[in-house]
Amino acid sequence: MKRILVTAIAAFTLLLNACANRGISTDYQTDVAFDEYRSYALLPVDPSVYANPKVSEITIKRIGTVLKKQLSNRYSEVEPNSADFLVRYFLVLDERMKVESYNANFGIYRSGFAYGHAYSTPDLHNTYYQQGSIIVDILDTKSQEVVWRGSTEGKVKEGLSPEQREARVAAQLSDLLEHFPPKAN
């Protein structure tokens, strides 16, 4: 009984860890000394982000405010010409489709002295939704190269209040910035 309980707890812990990092992706240059970074500057948003009419300036501003708040906990914000690294961010919205299939059954039955068969074809259900991705680039000030890129994505939820939207963005960026600076192996 104890062995089953320990196995169940281990499986549950692995499941939670897998869900916690869902939708987060990072990449970085391995030859960069990230531990030497002390100050940052947030770059202005590229106007091409607004080419998608579904990208809201309010959302972009919210992302910038949250990003600045979270980075300020670890680094000091300075002017771009005196920063150790620069931060650039984007918001990308994509239309997605989820296809679900239900009830593909086959059966044999007996009715009196005869046998018969029955089947039902699958019921397909398509759901359309928006997928949002926040992409954060860290650029080294000296080389002007991207040295770290992280992205977090999730389904766009409609009907949230501004406070709920900010809390959701804060949670996503907090999870993403746990991976910056990258840990040495």
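I looked up Gln70 and found it buried, at a relative accessible area of 16%. Buried means under 20% relative accessible area, exposed over 50%, and partly exposed in between, with a 1.4 Å probe and protein chains only. I am working on a predicted model, where local features need pLDDT of at least 70, side-chain atom pairs count only at pLDDT 80 or more, and totals for chains, interfaces and linings use all residues. Residues are numbered from 1 along each chain as its sequence is written, and side-chain values use heavy atoms, with hydrogens and water left out.

**Entry: Gln70 and its helix**

I placed Gln70 in helix 2. Helices (H or I, at least four residues) and strands (E, at least two) are DSSP runs, numbered from the N terminus. I then listed the contacts of Gln70, leaving aside neighbours within four places in sequence: Ala170, Leu173, Ser174 and Leu177. Contact means heavy atoms within 4.5 Å.

**Entry: helix 2 against helix 3**

I took up the pair next. Two packed helices are described by the angle between their axes and the distance between the axes. For helix 2 (residues 57-72) and helix 3 (residues 162-177) I noted an angle of about 45° and axes 9 Å apart. The axes are lines fitted to C-alpha atoms, for helices over the stretch in contact, and angles run from 0 to 180 degrees between N-to-C directions. Helix 2 and helix 3 are therefore oblique to each other. Under 35 degrees counts as roughly parallel, over 145 as roughly antiparallel, 65 to 115 as roughly perpendicular, and the rest as oblique.

I checked which residues make this contact. Helix 2 gives Arg62, Ile63, Val66, Leu67, Lys69, Gln70 and Leu71. Helix 3 gives Pro162, Arg165, Glu166, Val169, Ala170, Leu173, Ser174 and Leu177. I sorted the residues of the contact into nine nonpolar, two polar and four charged. Here Ala, Val, Leu, Ile, Met, Phe, Trp, Tyr, Cys and Pro count as nonpolar, Asp, Glu, Lys and Arg as charged, and the others, Gly among them, as polar.

**Entry: Arg74 and the chain end**

I found Arg74 in the loop between helix 2 and strand 3 (76-77). Arg74 counts as partly exposed, at 40% relative accessibility. Arg74 touches Leu177, Phe180 and Pro181, not counting residues up to four places away in sequence.

I followed Pro181 into the segment after helix 3. The peptide bond from Phe180 to Pro181 is cis, with omega near -5°. Most residues other than glycine have a negative phi, and most peptide bonds are trans. I also noted Gln144, which has a positive phi of about 60° although it is not a glycine. Gln144 lies in the loop between strand 7 (123-140) and strand 8 (146-155).

**Entry: Ala41**

I located Ala41 in strand 2 (residues 39-42). Ala41 counts as buried, at 1% relative accessibility. Beyond four places in sequence, Ala41 is in contact with Val78, Glu79, Pro80, Ala83, Phe85, Leu86 and Val87. Ala41 and Pro80 are 39 residues apart along the chain, yet their C-alpha atoms are separated by 5.1 Å.

**Entry: whole chain**

I counted three helices and eight strands. Along the sequence the pattern is α-β-β-α-β-β-β-β-β-β-α. Of the 185 residues, 28% count as buried. Among contacts between residues at least 6 apart in sequence, 72% join residues at least 24 apart.
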